[in-house]
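Hi everyone, thanks for making time this morning. I'd like to walk you through a structure, so please have the sequence and the model open while I talk.

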Number of protein chains: 2
Amino acid sequence: MKSFVNYAPDSDFSIHNIPFGVAVFDQEYIACCTRIGDIVVDLATLYDYGYFDEVEGINENVFEAYTLNEFIELGKPVTNAVRVKLQELLSDDSKLANDEKTKEDCFFDLDKVKMMMPVHVPNYTDFYSSIEHATNVGKMFRDPATALLPNWKHLPVGYHGRASSIVVSGTEIIRPKGQTKAPDMDLPTFGPSKQLDFELEMAFIVNKNTEMGDSISTEEAEDTIFGMVLFNDWSARDIQSWEYVPLGPFLGKNFGSSVSPWVVTLEALEPFRTESPVQEPAVLDYLKFSGNKNFDINLQVYLQPEKGTECLISESNYKYMYWNMAQQLAHHTVNGCNVEVGDMYASGTISGEDPKSFGSMLELTWRGQNPLKLNDGQERKFIEDHDTVIMRGYAEKDGIRVGFGEVTGTILPAK
Amino acid sequence: MKSFVNYAPDSDFSIHNIPFGVAVFDQEYIACCTRIGDIVVDLATLYDYGYFDEVEGINENVFEAYTLNEFIELGKPVTNAVRVKLQELLSDDSKLANDEKTKEDCFFDLDKVKMMMPVHVPNYTDFYSSIEHATNVGKMFRDPATALLPNWKHLPVGYHGRASSIVVSGTEIIRPKGQTKAPDMDLPTFGPSKQLDFELEMAFIVNKNTEMGDSISTEEAEDTIFGMVLFNDWSARDIQSWEYVPLGPFLGKNFGSSVSPWVVTLEALEPFRTESPVQEPAVLDYLKFSGNKNFDINLQVYLQPEKGTECLISESNYKYMYWNMAQQLAHHTVNGCNVEVGDMYASGTISGEDPKSFGSMLELTWRGQNPLKLNDGQERKFIEDHDTVIMRGYAEKDGIRVGFGEVTGTILPAK
């Protein structure tokens with residue numbers, strides 16, 4: 001496949017990608033869109049011009065919307081058909097290639113649009129599915145000899161997070177205030193968090209509503225997953241470590257999470273399937289799966305101080321995940337918990353074995369003991385005010401590249 | 001105040017109450033409503049007949065809706081004015097008292113309507129604010145000598161729950177399946193929960209959207225709370241105890257929660273304010289409050305076997321809460337976490353000191369050690385298939401009674 005749109009060979013947004021998002025065009029008009037290279041394509045206008053007339057199941061302009069939810073809910077047969085149609089339309093010598101009027105009205109330079117939150121998120125769950133991350137945290141906060149808790153290898157541990165504070169890349173995050181208690185103090189004190197951290201994660205988005213009592217098997221799970229985004233689960237370690245017993249993370253997490261604006265479909269990621277880590281002991285039947293359910297997605301984290309350049313601080317990969325998405329969704333629904341269109345399910349911090357692949361400052365600096373050196377000699381134990389954290393992700397194989405772009409967030413001082 | 005509608009002296013729905021809900025009328029038409037005695041009043045039609053013309057701030061028919069969210073979002077000045085107007089209209093000798101046509105079109109016998117979920121819940125949080133409950137659980141699952149964890153008296157511990165599975169009273173709940181591990185086994189097994197439980201709770205509902213970074217002080221909190229419902233936080237203890245470390249309850253809770261259909265406003269509860277338990281050690285400044293922030297609300301739990309009569313199994317009171325709603329909301333937002341209209345914040349299990357006031361089977365039977373005897377001699381350690389759990393709540397003082405009606409749920413066998 002080759003597109004009539006020119007883009008750099010290392011663009012995340014090749015003709016093989018065709019992600020979906022929501023943009024503000026001309027500072028006022030909002031619609032669903034896709035992206036190729038640095039061109040954002042207004043799908044609502046493309047629909048109005050009749051380019052989706054042949055796609056079965058799309059009977060009204062679902063792109064004329066503030067979120068992707070209505071489109072996603074059409075299900076895989078329709079959303080896949082739209083993606084394939086877009087690949088055809090964006091290819092050399094297509095009808096669209098020679099339709100100057102439509103291109104003028106539907107194609108926008110990236111710097112002329114503002115990306116919005118791609119979906120409305122009714123429910124958000126965060127898993128804890130990287131064995132390296134769970135082991136690192138266990139070593140630091142509990143006993144190094146028994147770093148993994150007894151349940152960890154039997155089920156994908158997860159918890160419900162806060163949906164209201166999930167925001168799109170570029171949204172500034174205000175440093176949270178809260179209660180913390182230093183180990184050497186008798187009483188807690190109140191103030192801005194001193195241990196603000198990121199967590200390198202990815203999240204998947206669900207495309208249907210189920211009834212309470214219904215379950216989704218590992219075999220059915222991927223048909224229920226529309227696509228994935230990069231996810232930064234901002235965390236205040238000092239607040240979290242004081243509050244989290246016995247009911248889990250709360251104010252240490254719910255002040256904000258950032259997602260990348262482009263949802264990359266599972267179909268675009270198909271060429272990058274890879275094997276999972278061996279699961280030993282064997283899992284219970286409802287968690288068994290067949291085929292390659294992991295994906296080889298390169299992930300990077302950069303830290304950019306207010307004055308200074310981006311510094312690469314972590315290189316990880318989604319393929320390290322011990323528990324895959326199919327298992328996560330099967331586990332989440334095995335008790336009959338219902339899911340809703342737009343639900344977001346995050347992976348948990350994605351760390352690998354190599355210390356350079358750890359997905360949080362907590363792990364990279366080993367709880368602040370070994371500060372990171374940035375390009376200009378500055379040091380960081382945790383994230384400081386006006387620092388920007390940038391996460392990027394892409395898959396690449398046989399000359400095909402499909403990427404997520406980035407999720408960025410800058411920390412503002414506490415109010 | 002006296003109403004032209006006749007109702008029993010012990011009705012929860014006196015002229016002093018005027019709660020809000022959503023009903024299906026004539027099996028097809030859905031609208032917001034109030035209730036007096038056993039009469040449900042269709043507020044959308046009442047609006048169309050001009051009875052709210054004098055209420056400032058209500059400019060369109062917000063009652064013509066599937067949820068109360070739009071009405072609630074109008075804020076206290078408007079929702080209070082509507083409630084006061086309804087009290088006036090439902091009083092003896094009002095204009096409405098003599099308007100037979102309007103009464104015929106707007107008044108429905110309770111058994112002719114079906115109550116729906118009163119609000120759409122964007123976010124749900126469950127607190128853990130009864131000191132007796134937290135102590136009981138700590139004694140059972142951890143060390144009796146240190147039953148309360150170190151943070152408990154310093155902050156209202158809470159966690160995010162699952163919004164998608166909150167359902168209205170009367171909805172059947174399917175027994176969840178899941179992983180459990182018996183203490184004497186090496187490996188977990190899979191199957192229907194054998195320790196299904198209720199939790200007697202109340203929840204409050206928020207009436208505004210805040211921005212990320214904003215906080216709600218204890219002084220501002222009550223203006224942000226529209227009203228309260230009864231809340232049954234169904235729990236599968238065997239699933240919960242295996243999964244909950246280190247990130248909190250998940251599948252042990254998210255298969256279903258039940259709420260009463262009528263939202264009782266804070267204004268209706270005003271006469272029943274009472275003192276809080278003394279908080280010692282003193283709390284941090286942002287958790288300090290003035291005035292009586294607790295409410296004296298009698299609570300009962302009944303268990304009804306498939307064949308058999310209701311059996312009273314718990315009598316508790318909302319006034320036992322160590323942490324009040326104002327403190328819960330101030331804590332939840334002190335880090336800048338944003339809230340949304342319709343958000344539901346549950347109290348956690350409401351237990352008192354007397355073992356008869358414990359708010360869960362876990363506590364009432366002390367983890368199954370002391371089974372409860374029902375009226376007909378049957379015994380229960382936990383909730384069995386086809387059992388119905390009924391929770392009721394009301395406040396009463398100086399001849400004034402304001403109640404919540406009931407929240408019921410019947411357990412169906414696992415699928």
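Let me begin with a question: among contacts in chain A between residues at least 6 apart in sequence, what percentage join residues at least 24 apart? The figure is 72%, where contact means heavy atoms within 4.5 Å.

Some housekeeping first. This is a predicted model, in which local features need pLDDT of at least 70 and side-chain atom pairs count only at pLDDT 80 or more, while totals for chains, interfaces and linings use all residues. Residues are numbered from 1 along each chain as its sequence is written, chains are lettered from A and ligands numbered from 1 in the order in which they are written, and side-chain values use heavy atoms, with hydrogens and water left out.

Now the overall picture. Chain A has ten helices and 26 strands; these are DSSP runs, H or I of at least four residues for helices and E of at least two for strands, numbered from the N terminus. Its C-alpha atoms fill a box of roughly 70 × 55 × 35 Å along the principal axes. Of the 415 residues in chain A, 64% are buried. Here buried means under 20% relative accessible area, exposed over 50%, and partly exposed in between, with a 1.4 Å probe and protein chains only.

On to a sheet. In chain A, five strands form an open, mixed sheet in the order β9-β26-β25-β20-β21, where two strands pair if DSSP finds at least two bridges between them. At the edges stand β9 (173–174) and β21 (311–317) of chain A, each with a single partner strand, so one side of each has no neighbour in the sheet. Inside that order, β25 (residues 388–397) and β26 (residues 400–412) of chain A run antiparallel over ten bridges, and Y394(A) has G403(A) as its bridge partner in β26(A).

Next, charges. Side chains of opposite charge can pair when their charged atoms come close. Over all chains there are 48 salt bridges, each a side-chain nitrogen of Lys or Arg within 4 Å of a carboxyl oxygen of Asp or Glu. One of them joins R237(A) and D197(A) at 2.9 Å, N to O. R237(A) lies in helix α7 and D197(A) in strand β12 of chain A, so the pair ties together parts that are 40 residues apart in sequence. Are these two buried or exposed? R237(A) is buried at 4%, and D197(A) is buried at 0%. Both belong to a salt-bridge network that also links E199(A), D233(A) and K253(A).

Over in chain B, E396(B) and R401(B) meet in a salt bridge at 3.8 Å. E396(B) is partly exposed at 42%, whereas R401(B) is buried at 15%.

Finally, the nonpolar side. The largest nonpolar core has 144 residues, and those touching the most other members include F198(A), I313(A) and I313(B). Such a core is a set of buried Ala, Val, Leu, Ile, Met, Phe, Trp, Tyr and Cys residues joined through side-chain atoms within 4.5 Å. Leaving out residues up to four places away in sequence, I313(A) touches F198(A), V301(A) and L374(A), among others. A second, separate core of 62 residues includes F20(A) and L46(A).
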